[in-house]
Amino acid sequence: MQQDVIIIGSGMGGATLAAALAPSGRRILILERGEHLQASPQDRDADAIFGKGVFRPAETWLDGADMPFNPGNYYNVGGNSKFYGAALIRYRAEDFGVVRHQGGSTFGWPISYDQLEPDYQAAEQLYAVCGKTGDDPTEPEHSASYPYDPVPDEPEIADLRSRLSSIGLHPSSIPLGVDIDRWLAAGQTTWDAYPNTCGGKMDAETCGLTTALAHPNVALLTGCRVTQVTTSETGTVTGVIMERDGKSEALKAPIIVLAAGAVQTAALLLASASDTCPTGLANSSDQVGRNFMNHNCSAVLALHPLRRNRAIYQKTLMLNDFYLRSSSEPPLGNVQMLGKITGPILAANSRLPRWFANQIAGRSFDFYAMSEDLPNPDSRVTLKGDQIRLDWQRSNWEAHERLVAKLKVSLKQAGFPIVLSQHFDRRTPSHQCGTARMGADPATSVVDAFCRSHDHKNLFVVDASVLPTSAAVNPALTIAALALRAGRHIQETEFAA
């Protein structure tokens, strides 16, 4: 059957776009490389997840020195959101402009926060976000309240909130896509980095895809690995070639949407080079694959040897006091709680014996310090034969070190005599973005302000690759908002007739 739209990828961008387009009645086909996650005993087994890596794909990429590594991205229905921390935070209004950082400046966006605000609001409704406005002085203006109240602090986290407030900080509730009762009914763990097979996390499958598939004109095909996007002699995108069950098949549609993630989308565009597009699809600017960004992140553990932390999920509190500090000082970043670290998690990520890891984890309050990585054209995704090569050129690291140092001082002032930190290494996918960036100038960007390719008017990209900047907060809600904006644009310009 001829499709009207083919969407490659069922993660946050692809699923949200499908939900936006579904009411149009147009025939929409979503191609997903992976399969549905099935409930299993490993779902809440920290040893299996963090020690044995049972959910990690058996995939190898090359780094900038051509050394192989396992990237830790997930391929399943719902994409990486099935394992995400469900933090659905808006970018700050200032993030859309040119921001001066310690390590350089951002380029700015072709749209403002005010232009995206209605889509942020719609995305919060679609993903049933639990939150509260007014606690965070850096939070941008909302046109309406969050759909649901914040996920409640556990007693130890409520005490932590009070301690942080007492030293002059402004702890606020993380906007979360979590049905806490449903999540805990399936197991007494945090949700951060755990697979969602119970529907307790509001991820791309639970919300976006479920909404889309409620319409008979939307279909999902799993186990499909798209290897090429095809074009005509005039450069119009015509369809895709995919592999499924060992067979190759060509599919055609008048609109093709890439939503495979920042690395895989860039790789697919590059792999789709042809006589018409010798450097890859949508790449007349030579920007495809460039400006790869991955947040600078550290785990920070605060302990008092005589005080236990009995929290189960913990991840309800964040700090933006070090983010947009003042007009004269560059921003440092966001701080939020990690999902509660347990002994098996700590042992799997350190050389500590299990008994000692259990003692530390039982007393630790676990923070996630996150700083902006700045766009750099030499930080890029390329192909070496059929293999992905990711040369991440980390930037703005000194600002991140300052953030961690300031957080440590604050935590000691709040009553934690021992504060430890460990940065995340290059193998950790901490919000990858930027490889097909959005911009007004076709000479320096890949897609326009509606996520439409400058080079191919019937090709769209709606995943993290279009983000011009990484900001210093989780990108999931921004990806969803951009997908809703792109969906509205497609309906107004392509479906109007």
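Which side chains meet in a salt bridge at 3.7 Å, N to O? Select Glu59 and Arg33, whose side chains form that pair; a salt bridge here is a side-chain nitrogen of Lys or Arg within 4 Å of a carboxyl oxygen of Asp or Glu.

Before you go on, please note that this is a predicted model, in which local features need pLDDT of at least 70 and side-chain atom pairs count only at pLDDT 80 or more, while totals for chains, interfaces and linings use all residues. Residues are numbered from 1 along each chain as its sequence is written, and side-chain values use heavy atoms, with hydrogens and water left out.

**Stop 1: salt bridges**

Stay with the opening pair. Glu59 sits in the loop between helix H2 (46–51) and strand E3 (61–62), and Arg33 in the loop between strand E2 (28–31) and H2, 26 residues apart. Helices (H or I, at least four residues) and strands (E, at least two) are DSSP runs, numbered from the N terminus. Glu59 is buried, with a relative accessible area of 13%, whereas Arg33 is partly exposed at 31%. Buried means under 20% relative accessible area, exposed over 50%, and partly exposed in between, with a 1.4 Å probe and protein chains only.

Next, select Arg354 and Asp47. Their closest N and O atoms are 2.7 Å apart, in another salt bridge. Arg354 belongs to helix H9 (residues 354–361) and Asp47 to helix H2, so this pair ties together parts that are 307 residues apart in sequence. Arg354 is partly exposed, with a relative accessible area of 37%, and Asp47 is partly exposed, with 31%.

Now move to Arg389 and Asp66, whose side chains meet in a salt bridge at 2.6 Å, N to O. Arg389 is in strand E18 (residues 387–391) and Asp66 in the loop between E3 and strand E4 (68–69), so the pair ties together parts 323 residues apart in sequence. Asp66 is partly exposed, with a relative accessible area of 29%. The structure holds 18 salt bridges.

**Stop 2: a helix crossing**

Show helix H3 (residues 113–126) and helix H11 (residues 476–493). Their axes come within 8 Å and cross at roughly 110°; axes are lines fitted to C-alpha atoms, for helices over the stretch in contact, and angles run from 0 to 180 degrees between N-to-C directions. That makes H3 roughly perpendicular to H11, a term for angles of 65 to 115 degrees. To see the contact (heavy atoms within 4.5 Å), show side chains including Leu116, Tyr120 and Ala123 of H3 and Leu477, Leu484 and Arg488 of H11.

**Stop 3: a covered helix**

Go to helix H1 (residues 12–21). Is H1 mostly covered or mostly open? H1 is mostly covered, with 10 of its 10 residues buried; among them are Met12, Thr16 and Leu21. What covers the buried residues of H1 includes strand E1 (5–8), E2, H3, helix H6 (204–213), strand E12 (255–258) and H11.

**Stop 4: a sheet**

Finish with an open sheet of 3 strands in the order E9-E10-E11, with antiparallel pairing. Two strands pair if DSSP finds at least two bridges between them. The edge strands, each pairing on one side only, are E9 (225–231) and E11 (247–252). Neighbouring strands of this sheet are turned by 25° against each other on average, direction ignored. E9 and E10 (residues 237–244) pair in the antiparallel sense over 6 bridges. Select Val229 and look across to Val240 in E10, which stands opposite.

Methods:
Parallel < 35°, antiparallel > 145°, perpendicular 65-115°, else oblique.
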